[in-house]
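Subject: Structure handover

Hello,

Here is the structure you were expecting. My notes on it follow below the files.

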Amino acid sequence: MFKDLWREKIKFVEENLAAELDATKFIDEKLFDSMKYSLFAGGKRLRPIMLMAAADTVGGNGKDFVKVACALEMIHTYSLIHDDLPAMDNDDLRRGKPTNHKVFGEAGAILAGDALLTLAFEVISRQKTVSPENLLKVFAEISTAAGAGGMVGGQSIDLESEGKKIDFPTLKKMHAGKTGALFRAACRSGAILAGADEKQLAALTKYAESFGLAFQITDDILDVVGDEKTLGKPPGSDEKNNKSTYVTLTSLDTAKKLAEETVNDAIDALKIFGDEAGFLRDLVKYLNARNM
């Protein structure tokens, strides 16, 4: 039942992503092809779905805010394109397909990422049915999460940490930026767009922060115990790049326990809500089940 609902949400997001690309003016067909290649290379569409689910949770209709949701997926996709580059993680596969730079070249991949990032904010500006004040708040949430204070800052720490054994606080700060910031922005943006009160916004913020941590720990675990079919790329990339992870800084068993604890923290954060938060609860439970 949950997976069927998730698939429906993925289909809705992807239909709207295609519509936003079609509504965009392109002057170079190769750039369009490169952006589209990575944007539709598969994926769980977690960030846009979380934004809409957060809006549903506080009494809104998440589908009304699909343009902002699509923008988050564009930002996420840009980050993956750049993350795979030779100067970053140097990966050949993403979701079981050749990475963007393997198909379109390094320069083409860089430009596709740049274009998706900037297009995201154009798409946010197309969002209707919200107050200008709330839309400005969302612009601030997402730009902060995507930039030096969030995802890009976390990526910078990640690159600086390669080949080093970093401490636990540094690892948490790195992933709170690189991985967690967009999840936080997704939940907070959905809540803001739907008119959440301060108590609801605080609860969804706590949920998103716990979700992001659980997601990263689970990814670290899967890099050790997963297979190429599950991961979409060969396992062991963290070891190959000599990266500190929640597994290497603790142990596999300890990381699994930590993942379970953070999942419980995420669920506990939603205790002020009733059935309207059911999808978010099921989502974080499903996430943790991937490493069992």
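Helices (H or I, at least four residues) and strands (E, at least two) are DSSP runs, numbered from the N terminus. The model is a predicted one, in which local features need pLDDT of at least 70 and side-chain atom pairs count only at pLDDT 80 or more, while totals for chains, interfaces and linings use all residues. Residue numbers start from 1 along each chain as its sequence is written, and side-chain values use heavy atoms, with hydrogens and water left out.

Serine 34 sits in helix H2 (residues 29-39). Its relative accessible area is 2%, so serine 34 is buried (buried means under 20% relative accessible area, exposed over 50%, partly exposed in between, with a 1.4 Å probe and protein chains only). Not counting residues up to four places away in sequence, serine 34 touches Asn100, Phe104, Gly108 and Ala112, where contact means heavy atoms within 4.5 Å.

Threonine 99 is in the loop between strand E2 (97-98) and helix H5 (100-125). Threonine 99 counts as buried because its relative accessibility is 1%. Apart from neighbours within four places in sequence, its contacts are Tyr37, Asp84, Asp91, Asp92, Leu93 and Arg94.

Salt bridges

A salt bridge here is a side-chain nitrogen of Lys or Arg within 4 Å of a carboxyl oxygen of Asp or Glu. By this rule there are 13 salt bridges. One of them joins arginine 126 and glutamate 20, at 2.5 Å from N to O. Arginine 126 is in the loop between H5 and H6, glutamate 20 is in helix H1 (residues 2-22), and the pair links distant parts of the chain, 106 residues apart. Both arginine 126 and glutamate 20 are buried. A network of salt bridges links Glu20, Lys67, Glu122 and Arg126.

Another salt bridge pairs arginine 45 with glutamate 73, whose closest N and O atoms are 2.9 Å apart. Arginine 45 lies in the loop between H2 and H3 and glutamate 73 in helix H4, so this pair ties together parts that are 28 residues apart in sequence. Arginine 45 is buried, with a relative accessible area of 1%, and glutamate 73 is buried with a relative accessible area of 1%.

Lysine 178 and aspartate 158 form a salt bridge as well, with the closest N and O atoms 2.5 Å apart. Since lysine 178 is in helix H8 and aspartate 158 in helix H7, the pair ties together parts that are 20 residues apart in sequence. Aspartate 158 counts as buried, at 4% relative accessibility.

Helix H7

In helix H7 (residues 151-161), the buried residues include Met151, Gly153, Gly154, Gln155, Ile157, Asp158 and Ser161. Their cover includes helix H4 (66-83), helix H6 (132-146) and helix H8 (168-193).

Backbone angles elsewhere

Most residues other than glycine have a negative phi. Arginine 45 has a positive phi, near 55°. Asparagine 90 also has a positive phi, about 55°, although it is not a glycine. Asparagine 90 lies in the loop between H4 and strand E1 (93-94) and is partly exposed, with a relative accessible area of 39%.

An exposed loop residue

Threonine 129 is in the loop between H5 and H6. Threonine 129 counts as exposed, at 69% relative accessibility. From threonine 129 to alanine 176 the distance is 31 Å, C-alpha to C-alpha, and the two are 47 residues apart in sequence.

Regards
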